[in-house]
Amino acid sequence: MLVRPFLATALISIGLLSHVAVAPAAAADPVSTGTFGNLAVSGYDPVAYFAQGKPVEGRSVLEYEWNDATWRFSSAENLAAFKASPEAYAPQYGGYCAWAVSQGYTAKSDPDAWRIVDGKLYLNYSKDIQKRWAQDIPGNIAKADANWPKVLE
């Protein structure tokens, strides 16, 4: 159960909650987790794209719940980095395909179809779609930014 910090404090003080995960004051946008699970980035380590420069599968023993999704990491260091600043490492548009969002809809993404642009991680549906997205990255990012998060409605 996620509860806002002030509400959690009040409920704990009157004995209604003994263990609660506290949500940040401003919830972030939904994360793409696939149909049959709750894994963000298909279980890949989002920090690895920045730290190792490649997609690396996360481990089930190194998981963190953030933004209503389960994030996996390949190392304790990457987990700690994400915990300290999840917005710095989480993919843009909740991990949905950046090309799809630029076109006004959502689609799942492939962890192998990725690019870091201006310090932000972008994922695409496939490497073929990524080639299309890469033909005008600044323009596609601008269009996706304008569409996000309205495409979720």
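This is a predicted model: local features need pLDDT of at least 70, side-chain atom pairs count only at pLDDT 80 or more; totals for chains, interfaces and linings use all residues.
Colleague: Is Val 41 buried or exposed?

Modeller: Val 41 lies in the loop between strand E2 (21-22) and helix H2 (46-51). Leaving aside neighbours within four places in sequence, its contacts are Ser 32, Tyr 49, Trp 71, Pro 91, Pro 111 and Leu 123. The relative accessible area of Val 41 is 7%, and the cut-off for burial is under 20%. Val 41 is therefore buried.

Colleague: What distance separates the C-alpha atoms of Val 41 and Trp 71?

Modeller: Trp 71 is among the residues in contact with Val 41. The two are 30 residues apart along the chain. Their C-alpha atoms are separated by 7.6 Å.

Colleague: Within what arc do the buried residues of H6 fall, seen down its axis?

Modeller: In helix H6 (residues 127-134), the residues Ile 129, Gln 130 and Trp 133 are buried. They line one face of the helix, because the arc within which they fall is 105 degrees.

Colleague: Which exposed residues does the face of H6 turned away from its buried side carry?

Modeller: The buried residues of H6 are covered by elements including helix H5 (98-103), strand E5 (110-117), strand E6 (120-124) and helix H7 (137-147). The face turned away from that buried side carries the exposed residues Lys 127, Asp 128 and Lys 131.

Notes. Residues are numbered from 1 along each chain as its sequence is written. Side-chain values use heavy atoms; hydrogens and water are left out. Buried means under 20% relative accessible area, exposed over 50%, partly exposed in between (1.4 Å probe, protein chains only). Helices (H or I, at least four residues) and strands (E, at least two) are DSSP runs, numbered from the N terminus. The arc is that of the directions from the helix axis to the C-beta atoms. Contact means heavy atoms within 4.5 Å.
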